[in-house]
There are 2 protein chains.
Amino acid sequence: MPDALADVPLPAGPPEDQGREVALLALVAAGVLSSFTGLADDAASAPDVVTRVALTRMAGALPAHLDPIERAAVARSADLGQQAAPFLALLADVDARTAGGDWWERVVKTYVAGGMVIDLHRALSEGVDEDVRAVVTGALVENGHAAWVVATLGPVLAAEPQLAARLALWGRRVAGEALSLAQTVVRTRPDLVAGPPDAAVAGLLSAMTGGHARRMGRLGLTA
Amino acid sequence: MPDALADVPLPAGPPEDQGREVALLALVAAGVLSSFTGLADDAASAPDVVTRVALTRMAGALPAHLDPIERAAVARSADLGQQAAPFLALLADVDARTAGGDWWERVVKTYVAGGMVIDLHRALSEGVDEDVRAVVTGALVENGHAAWVVATLGPVLAAEPQLAARLALWGRRVAGEALSLAQTVVRTRPDLVAGPPDAAVAGLLSAMTGGHARRMGRLGLTA
């Protein structure tokens with residue numbers, strides 16, 4: 001009987017050295033799904049129909065990015081759903097902790113967290129297989145949200161220093177949650193990074209902090 | 001002074017006989033936005049990642065329908081945002097009254113209400129300008145949701161008579177809200193229908209009730 005069992009082929013899984021690529025694809029898929037939900041929620045809470053339409057269109061552009069991610073996962077015999085689930089849970093957790101008390105806090109949260117998640121994914125894609133890197137880079141294309149936030153919120157902030165001060169503080173809090181998320185993500189899947197996790201995490205946080213400062217600067221806020 | 005005022009041109013609005021077309025475009029735009037929000041919410045509440053991806057894709061296909069609607073409204077010098085706002089408020093109201101207590105109630109609500117709203121829009125498009133009718137019909141294309149519901153929920157209902165009984169009741173309640181919505185919509189914008197509103201409303205309700213019975217039948221439920 002043991003001999004017969006030995007003849008049963010092992011379940012087909014990704015080759016050992018594709019674990020990093022598969023983990024990254026799952027993380028980026030979770031990011032796309034979570035960004036979609038966030039933008040759709042923002043659209044539903046929009047103060048007017050024109051804004052609702054604009055955000056609905058931005059959200060609608062996201063699901064198409066799932067197609068190449070899914071193809072790359074299938075090519076590696078990976079179960080994307082199973083692999084993405086823990087990342088979705090982490091993202092939902094951050095989302096719940098940064099719900100935003102009013103419309104502008106919502107907008108800043110989507111801008112700050114979305115930008116930092118993109119920074120994280122881009123930094124994690126360095127050194128992975130070229131085809132996976134291309135897929136990931138394709139999924140990180142700006143859908144116009146950042147430019148929309150700068151054009152819409154920028155003038156409001158310039159005219160309302162009290163609001164600017166409150167949103168600067170709020171942005172810092174959201175950024176803190178995003179940095180903490182990055183650390184949890186790497187702790188959950190250390191195969192996402194090459195080399196010693198601590199050094200890799202330091203590099204990720206630095207990329208995210210730098211991107212965050214630039215984005216806040218575009219709004220006229222101090223990070 | 002009255003003479004000088006008489007020289008002021010009237011604000012440019014749609015020609016009188018385009019009121020019906022503009023109202024319909026606004027109603028359908030509101031329907032697309034509201035369906036998008038509903039599907040995006042369902043996606044976010046999905047019990048597993050595969051379902052979340054499927055619903056996210058269906059939602060993502062909707063915003064593109066806004067483009068021809070917007071072009072047709074612009075061609076009639078209509079402010080789509082302003083005209084759609086009251087319809088969006090009505091739809092949000094129905095949504096709040098049919099939130100659904102669990103996952104399957106959510107799914108049935110989207111299926112029942114979405115189908116009846118499509119019935120309503122199709123019935124209202126009869127007799128309007130051909131180009132507007134084509135735009136509206138294009139926006140009512142099924143995005144795969146109904147087939148997905150039948151394939152996913154159908155076998156569950158066949159195996160669980162108690163759930164089927166509960167969801168049949170729930171479907172009736174959602175249908176009642178949709179019928180009531182149709183009446184409120186026509187009361188709000190009587191220019192949506194030609195001829196006496198009462199007769200027109202009777203025709204709309206009949207189209208919606210017939211479509212509802214067919215859809216419930218596809219699930220093996222009595223409407």
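This is a predicted model: local features need pLDDT of at least 70, side-chain atom pairs count only at pLDDT 80 or more; totals for chains, interfaces and linings use all residues.

Trainee: Then what do the side chains of B:Glu70 and A:Arg57 meet in?

Mentor: Check the pair against that cut-off: a nitrogen of Lys or Arg has to come within 4 Å of a carboxyl oxygen of Asp or Glu. For B:Glu70 and A:Arg57 the N to O distance is 3.0 Å, so by that definition the two side chains meet in a salt bridge.

Trainee: How many salt bridges are there between chain B and chain A?

Mentor: A search of the whole structure, over all chains, finds 24 salt bridges. Between chain B and chain A, the count is four.

Trainee: What is the area buried between chain B and chain A?

Mentor: Start with who touches whom: 22 residues of chain B are in contact with 22 residues of chain A. B:Val49, B:Arg52 and B:Arg57 supply 29% of the area that chain B buries against chain A, more than any other three residues. Carbon and sulfur atoms give 68% of the total buried between the chains, which is about 1,900 Å².

Trainee: Which elements give two or more residues to the side of chain B that touches chain A?

Mentor: For the polar side of things, eight residue pairs are in polar contact between chain B and chain A, both residues at pLDDT 80 or more. The residues on chain B's side divide into twelve nonpolar, five polar and five charged. The elements of chain B that give two or more residues there are α2 (19-44), α3, α4 (66-75) and α5 (80-97).

Trainee: Is α4(A) roughly parallel or roughly antiparallel to α3(B)?

Mentor: Helix α4 (residues 66-75) of chain A and helix α3 (residues 49-60) of chain B pack with their axes 12 Å apart, at an angle of about 150 degrees. Angles over 145 count as roughly antiparallel, so α4(A) is to α3(B) roughly antiparallel.

Trainee: And which residues of α3(B) make that contact?

Mentor: The residues of the contact divide into two nonpolar, one polar and three charged. From α4(A) come A:Leu66, A:Asp67 and A:Glu70, and from α3(B) come B:Val53, B:Thr56 and B:Arg57.

Trainee: Last one: how many residues apart are A:Arg166 and A:Glu105?

Mentor: Their side chains meet in a salt bridge at 2.9 Å, N to O. A:Arg166 sits in helix α9 (residues 161-188) and A:Glu105 in helix α6 (residues 103-124), both of chain A, so the pair links distant parts of the chain by the helix assignment. The separation is 61 residues.

Notes:
Residues are numbered from 1 along each chain as its sequence is written. Chains are lettered from A and ligands numbered from 1 in the order in which they are written. Side-chain values use heavy atoms; hydrogens and water are left out. Axes are lines fitted to C-alpha atoms, for helices over the stretch in contact, and angles run from 0 to 180 degrees between N-to-C directions. Helices (H or I, at least four residues) and strands (E, at least two) are DSSP runs, numbered from the N terminus. Angles under 35 degrees count as roughly parallel, over 145 as roughly antiparallel, 65 to 115 as roughly perpendicular and the rest as oblique. Contact means heavy atoms within 4.5 Å. Ala, Val, Leu, Ile, Met, Phe, Trp, Tyr, Cys and Pro count as nonpolar, Asp, Glu, Lys and Arg as charged, and the others, Gly among them, as polar. Buried area is the accessible area (1.4 Å probe) that two parts lose on being put together, summed over both. A polar contact is a pair of N or O atoms within 3.5 Å; within protein, one must be able to donate a hydrogen and the other to accept it, and residues adjacent in sequence count only if both atoms are side-chain atoms.
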